[in-house]
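Please examine the sequence and the structure shown here before reading the report.

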Amino acid sequence: MPIDATQPYDPDNIFAKILRGEVPNETVYEDDHVLAFKDINPQAPVHVLVIPKGDYVSWDDFAAKAPDAEIAHFVRKVGEIARDLELVEPGYRLLANIGPHGHQEVPHLHVHLFGGRPLGPMLARG
């Protein structure tokens, strides 16, 4: 169910539980500020979620509240993870859903890395 990204951070969301070690994950990368792990319901051969370890509801929240160094580190690590997964040469999709219209389902900033096959058009045409 889509969430309202303007609401306060919910420390009981699934990604907060993953960060606390309460829910297992298949880690792809981790450092002091970033965790990347395989999606449990992959939509492509490669489907990795990358999250900051801070309490940020959405990209907007992150951009407004995170220190510049944390933002730069996150963006660089997303690119590094894509390179490590060998997604750059064939191409990949990077997606962040924000709020109800963007169909955000978890109130913790996360970006999806999709790859491993041609992905088709970004939005349904209608």
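The model is predicted, so local features need pLDDT of at least 70 and side-chain atom pairs count only at pLDDT 80 or more, while totals for chains, interfaces and linings use all residues. Residues are numbered from 1 along each chain as its sequence is written, and side-chain values use heavy atoms, with hydrogens and water left out.

**Aromatic rings**

A pair of aromatic rings is described by the distance of the centres and the angle of the planes. Rings of Phe, Tyr and Trp (its six-membered ring) pair if their centres lie within 6.5 Å; planes under 30 degrees apart are stacked, those over 60 edge-to-face and the rest tilted. Five aromatic pairs are found in the whole structure. Because Phe62 lies in helix H2 (residues 59–65) and Phe74 in helix H3, the latter pair ties together parts that are 12 residues apart in sequence. Helices (H or I, at least four residues) and strands (E, at least two) are DSSP runs, numbered from the N terminus.

Tyr56 is buried at 9%, Phe62 is buried at 1%, and Phe74 is buried at 2%. Ring pairs join Tyr56, Trp59, Phe62 and Phe74 into a cluster.

**Salt bridges**

A salt bridge is a side-chain nitrogen of Lys or Arg within 4 Å of a carboxyl oxygen of Asp or Glu. The whole structure holds six salt bridges, including those in the table.

| Salt bridge | N to O distance |
|---|---|
| Glu22 and Arg20 | 2.8 Å |
| Glu26 and Lys38 | 3.2 Å |
| Lys65 and Asp61 | 2.8 Å |

Lys65 and Asp61 both belong to helix H2, four residues apart, which is about one turn of the helix. Lys65 is exposed at 60% relative accessibility, whereas Asp61 is buried at 9%. Salt bridges with shared partners join Asp12, Arg20 and Glu22 into one network. Glu26 is partly exposed, at 48%, and Lys38 is partly exposed, at 41%.

**The largest pocket**

On a 1 Å grid over the protein atoms alone, a pocket is an open set of points where a 1.4 Å probe fits, with protein on both sides within 12 Å along at least five of seven lines; lining residues have an atom within 4 Å of a point. The largest pocket holds about 510 Å³ of space. Among its 23 lining residues, those closest to the centre are Asp39, Leu49, Glu105, Val106 and His112. Helix H1 gives the largest share of the lining, three residues. Asp39 is located in the loop between S2 and S3 and is buried at 15% relative accessibility. The C-alpha atoms of Asp39 and His112 are 8.6 Å apart, although 73 residues separate the two along the chain.

**A nonpolar patch**

Trp59, Val75 and Ile98 make a nonpolar surface patch of about 240 Å². Patches consist of residues with over 30% relative accessible area and no salt bridge; like charges are joined within 9 Å, and nonpolar side chains (Val, Leu, Ile, Met, Phe, Trp, Tyr) within 5 Å. Val75 belongs to helix H3 (residues 68–84) and is partly exposed, with a relative accessible area of 44%.

Technical notes:
Areas by Shrake-Rupley, 256 points an atom, 1.4 Å probe, with all protein chains shown as cover. Buried < 20%, exposed > 50% of the residue type's maximum accessible area, 1.4 Å probe, protein only. Points joined across faces, edges and corners; volume = space filled by probe spheres on them.
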